[in-house]
Amino acid sequence: MLDSITLLCAVGEIGEESVLDTIRVLHLLNDQPHQRHTSRKIWRIVLIAAIIAVLLTACAVGYSIHQRRQQELRAAHEVEAKHVDAWVDYEVPGFAAAVPTEPTLTLLSTYNDGVFCWAFVNVSPVEDEEAVTSVDQEVLENGWVHWLSYHFMLGGDESLYSAYPVWNGKGEYGPEDLISNELVNSDGRLIPRVTREAQHREVKKQCYDPASKTMTFKCAILLEWVDPDKPITLELSLWDHWQRSEKHAVNDYDIQTQDELRRSFGMVTFNIPAPQFCTIRFNNPPVFANDERGKTGSILGADISATQIVWHLTHEEWEDESFEVSLSWINCIDSVLQGATLNFADGTSLPCGGSVAAPTVNSEIEVVSYHTMDGVGPTVIDVHELASVTVAGKTYPLPSIIDSQN
Amino acid sequence: MEDSAIVDLYWQRSDRAISETDRKYGRYCHTIAYNICADNEDAEECVNDTWFSAWNSMPDKRPSILSTFLGYITRNFAIDRFKLKNARKRGGGEMPLALDELEECISSPVDPAHEVEQKELESAVDAFVRGLSDTERRMFIARYWFLIPVAEISERMGCSQSKTKTTLYRTRNKLRTYLQEEGLC
């Protein structure tokens, strides 16, 4: 008898090299999702080019690192091009040639994508060795294992978010991407990353500027975990951790640990910006045919936020979950949504097709598509600037309630 | 500490072997167990069982790569614990979801005519996985070896959840066809 548990057990016997490859590529030992990069090479090139251009411009007119970062972030997220009014830039210090001597936390920008509130902050001064991220989290110094961690605290909560930029032991800098993190309860227990509780305080290292000794972090706050009407407080501090084991006799070790606050960068407080959201519901849903099945389906509507669109569809055979029927409808819906676009008032448009994620058990099928710039990177749009949506060969004007017969 | 040094500690029967293993692989094994059991205490016990099992198996064994060696043990302990503790499709976590998904790969879950030898099935699954593209293989192993939630796989692989779900769905369909062709279901 073959059942799913037997099959799951058989999967456990997959060759070691395949499992090891997955551990390595997905950074499973780091307990930290790796930053999007595998399919984003083109996006990175575009982003780097944009940042270089902005940097050159900024340097030419003498902007401060905070103003430069704000411009880079706006360029990277196409805030200007899309006129995103959910994006908020905060007042920051202007041109300052000297490296700051006092620990400083500067709030740069925030935006609300409907699911997360994102906050960008600058931290300074951060020495080169403090800014390094690496897969190796520790370094041996005079018999002590030493590592650093940045601790974030949100809203006065006692839970901590820890991030570890460290030396890699070879004097080399690691990749500037996601830094490892863990969430610790007030009683010292680790909260597994698989829980939603652990996911709502994502903090990503954006970039480091050695000249001004400033590091930029991107913080994500899951909206459902906070009161959107109350200000958010973000605190940040840098800690040294030391540990060593001393052997007294056979099998007798004394483990010594020591944690020291290196410096606190202070706190910033901000209000969560209002989200952008648009709902489309067709009064007479556009109908499409599945020639292979000789049946029809319809597009019920879509929910559009600043970062994604969720299409809602249904079809005559939604109750049939058999392999052949499901696959046929997946291919059909993929085809129907191919070429769908969001059209802005200024004449530009954005692809928004997406693919069916899985067969549904309800009558509605949801297809999620994240907004991207030519399909190569994430972008944020101003929902208020949308003029129409094109799907299945027809263009429907917004606002939200649309009669497809028009 | 390098894996070989940790293994040396086991072979020397040093208590420090456990603390160093826990230090390097504790969180990794806990996550594997938690993804299956969806319970912190169960996960913790699976990890402790893993250290005990590793202690008993070294020597004689000398694993060159501890991550897969320990992950394999933890996964089996967690699956056993899940079987004991949970009725099928009850409880939280990724296990019931993963089992539901794998059900799609099986044409008839209770057909005595298709009695399958476990070893034959393991070889077939391994061969199938080797034939997948890199992305398909990594997503498949992440989901059904480590039972990592789809959202986290997407984040770790730098793609949308939609793409991950679609890839997994189509891989399961391929597996089903493959197992049918091999006469295994």
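The structure is a predicted model, in which local features need pLDDT of at least 70, side-chain atom pairs count only at pLDDT 80 or more, and totals for chains, interfaces and linings use all residues. Residues are numbered from 1 along each chain as its sequence is written, chains are lettered from A and ligands numbered from 1 in the order in which they are written, and side-chain values use heavy atoms, without hydrogens and water.

**Chain B overall**
- Chain B has 9 helices and 0 strands. Helices (H or I, at least four residues) and strands (E, at least two) are DSSP runs, numbered from the N terminus.
- Along the sequence, the pattern reads α-α-α-α-α-α-α-α-α.
- Chain B has 185 residues, and 54% of them count as buried. Buried means under 20% relative accessible area, exposed over 50% and partly exposed in between (1.4 Å probe, protein chains only).

**Helix α9 of chain B**
- Helix α9 covers residues 161-181 of chain B. Its 21 residues should span 30 Å at 1.5 Å a residue, and the end C-alpha atoms are 30 Å apart, which agrees. The expected span is 1.5 Å times one less than the number of residues.
- Buried residues of α9(B) include B:L168, B:Y169, B:R172, B:L175, B:R176 and B:L179.
- An α-helix has 3.6 residues a turn, so residues three or four places apart point the same way.

**A negative patch**
- B:E117, B:E120, B:E181 and B:E182 form a patch of negative charge on the surface. Patch residues have over 30% relative accessible area and no salt bridge, and like charges are joined within 9 Å. A salt bridge is a side-chain nitrogen of Lys or Arg within 4 Å of a carboxyl oxygen of Asp or Glu.
- B:E181 belongs to helix α9 of chain B. B:E181 is exposed, at 61% relative accessible area.

**Backbone features in loops**
- B:L147 is not a glycine, yet its phi is positive, near 55°. B:L147 sits in the loop between α7 (134-144) and α8 (150-157) of chain B. Its relative accessibility is 0%, so B:L147 counts as buried.
- A:K213, also not a glycine, has a positive phi of about 50°. A:K213 lies in the loop between β9 (203-209) and β10 (214-222) of chain A.
- A cis peptide bond runs from A:S124 to A:P125, with omega near -5°. A:P125 is in the loop between β3 (116-124) and α6 (128-131) of chain A.

Notes: Patch = residues over 30% accessible without salt bridge, like charges linked within 9 Å, V, L, I, M, F, W, Y side chains within 5 Å. Areas by Shrake-Rupley, 256 points an atom, 1.4 Å probe, with all protein chains shown as cover. Lys, Arg positive; Asp, Glu negative; His and termini not counted. Charge placed at Lys NZ, Arg CZ, Asp CG, Glu CD.
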